[in-house]
Amino acid sequence: LTAMGESSMDPSISAADSTAQQDSLFSMMDVFLISLITGLFTYWFFFRKKKEEVPDLPKMQSVAAPVRDSSFIEKMKKTGRNIVVFYGSQTGTAEEFANRLSKDAHRYGLRGMAADPEEYDLSDLSRLSEIDKSLAVFCMATYGEGDPTDNAQDFYDWLQEADADLSGLRFAVFGLGNKTYEHFNAMGKYVDKRLEELGAQRIFELGLGDDDGNLEEDFITWREQFWPAVCEHFGVEATGEESSIRQYELVVHTDVNMNKVYTGEMGRLKSYENQKPPFDAKNPFLAQVTENRKLNEGGERHLMHLELDISNSKIRYESGDHVAVYPANDSSLVNQIGEILGTDLDTVMSLNNLDEESNKKHPFPCPTSYRTALTYYLDITNPPRTNVLYELAQYATDTSEQERLRKMASSAAEGKALYLSWVVEARRNILAILQDMPSLRPPIDHLCELLPRLQARYYSIASSSKVHPNSIHICAVMVEYETKTGRLNKGVATSWLKNKVPDQNGSSSLVPMYVRKSQFRLPFKPSTPVIMIGPGTGIAPFIGFIQERAWLKQQGKEVGETVLYYGCRHEHEDYLYREELAHFQKEGVLTQLNVAFSRDQAEKVYVQHLLKKNKENVWKLVNEGMAHIYVCGDARNMARDVQNAFYEIVSEFGNMSQPQAVDYVKKLMTKGRYSLDVWS
């Protein structure tokens, strides 16, 4: 080849040379053709082999993932069930109610199963009539501002788009909501209405549970009327009294490899030792606490600012998002439960579902120890629900204590009143109940089966990822109060967070967390004015918003008016982020800082009073400036009072009647110009 290349550059080539060149060229062509043919043959040979293997692939796929695995119909037929109870649950309550309803079914000669809509193909609802005496019940919680829970999102999307014929479907809905929120029980109402529109037959009226009142009582009242309606519809009768049926069986592991034992992980075993993204509810990231400082200068409360290091986690967040943290129960409470029940808490055990067909094999990750279960997996600080009291009653050896527990679990008016006063209002948790009922000593495994799961706690992120890409900031107040029985109750997450010490090796500075996206977002255009209203720890997302507006300004962007209405009790006690806010105001980023000190004078002053005081400016920003309004904090009083203040301002300056003003504000919400991030 080299000779050929060199001779081709010489213009005086002889005939002999030309012939030699042709010979050389042909020999090269031969080599090229032979190589090409060999290559094609090799490619064909291997391609042919692959084609021969194709028939085996479907077998491999069918072993790994059965085609009908997502069909709840097939599962119901296989296991002889005729009632399916779907739950849309964010904190576990709707799931708990669904389990209770599915357990109830056996009393009427029916068989029920609780089901997570995320795990099944809900278009199969049209086939439920293939099963005799079939019924679909939906326990649907509403999350945030009228949104479906995470696990019901796909079901909600399907309902919106579906044109299915559900004429053979019989259904009932119980909604879980909170009246302090604008969109009370929106998800329950929507599912109930939409199923009827698709032709399904409602066999009992929609139940609306209110968590601001007494959700447990609302559920019991609905449930005690629901089952007679089911009996009448199907022509069945109750077969006997409600009986205690264990859902899980205890297996104690005496000889177990400790590397196979869960120690607090939420999903994958050893996930805290070997962290792998992406991080979510089932795979939280262990973030190091790099800062934990007290924000308030005085007063009885403890308000704190924490910073979580998310370096190398690939976690992304935006201003307005929420950070979820998985707390741990106080070890002294766990130890006291162990002592009262005379149990070795370090016993390694598993609770295995007696229903082998169930997707839920264990109530929490197993195998594990009782200590781990009571510390990381079970809620031991909230007052237990009535079904727990009913199941525990059988273990009280004192007849009066047994009767008291059964009465509180009954649907009788006297029993409901007793449960409300003795358990709910007295804030008695399971430890307090065991202490106040000396004869009640249940087996610890049954107690672990009955207690609900310990849930993640959500906090509005108090930082901007533009300024702090590798850390997430939390602003929280330590919850601590004395109960009517004289006990000191502490918030699980806030008391746990308070003790997280920065710069210390080991778990004492680690927080399992993940980010939950929200709709609480700054306007797309930085030039749009914003009005932020956030008293107390409601200031959290606005610290992030202001940081981001400052960053945008530094980038040379035109930033609109940034107005904050903040409130606290006393100027010299709990004025959070005072220095930061003063700095932002000095820099010209925070164009207005309005602070209400509610208890520094005889007459209380709140954020809504300052809004009314500045009503002309507020109206101008909203009406002419097309400002976006953001409200964060207490839903029960503050958010409602602020909304009423806006009704007044709109009515006065927009020359509108009260109904017109209400409609105007509602339209702002629909357009995304009035956003809420509230809790009760």
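Does C366 count as buried or exposed? At 10% relative accessibility, C366 counts as buried; buried means under 20% relative accessible area, exposed over 50% and partly exposed in between, with a 1.4 Å probe and protein chains only. The model is predicted, so local features need pLDDT of at least 70 and side-chain atom pairs count only at pLDDT 80 or more, while totals for chains, interfaces and linings use all residues. Residues are numbered from 1 along each chain as its sequence is written, and side-chain values use heavy atoms, with hydrogens and water left out.

**Cysteines**

- A search of the whole structure finds 0 disulfides, a disulfide being a pair of cysteine sulfur atoms within 2.5 Å.
- C366 is in no disulfide, and its nearest cysteine sulfur belongs to C448.
- The sulfur of C448 lies 9.2 Å from that of C366, which is too far for a bond.
- C448 is also buried, with a relative accessible area of 1%.

**Helices α12 and α13**

- Helices (H or I, at least four residues) and strands (E, at least two) are DSSP runs, numbered from the N terminus.
- The axes of helix α12 (residues 399-408) and helix α13 (residues 413-425) come within 7 Å and cross at roughly 105 degrees.
- Axes are lines fitted to C-alpha atoms, for helices over the stretch in contact, and angles run from 0 to 180 degrees between N-to-C directions.
- From α12, R404, K407 and M408 meet E414, G415, L418, Y419, W422 and V423 of α13, where contact means heavy atoms within 4.5 Å.
- The residues of this contact divide into 5 nonpolar, 1 polar and 3 charged.

**Strands around β9**

- Strand β9 (residues 285-294) and strand β18 (residues 510-516) run antiparallel and are joined by 4 bridges; two strands pair if DSSP finds at least two bridges between them.
- L286 stands opposite P512 in β18.
- β9 also pairs with strand β10 (residues 303-309) in the antiparallel sense, over 6 bridges.
- E291 has E307 in β10 as its bridge partner.

**The sheet β8-β12-β13**

- These 3 strands form an open sheet in that order, with antiparallel pairing.
- β8 (248-252) and β13 (368-369) stand at the edges with a single partner strand each, so one side of each is left without a neighbour in the sheet.
- β8 is joined to strand β12 (residues 348-353) by 5 bridges.
- The bridge partner of V252 in β12 is M349.

Note on methods: Ala, Val, Leu, Ile, Met, Phe, Trp, Tyr, Cys and Pro count as nonpolar, Asp, Glu, Lys and Arg as charged, and the others, Gly among them, as polar.
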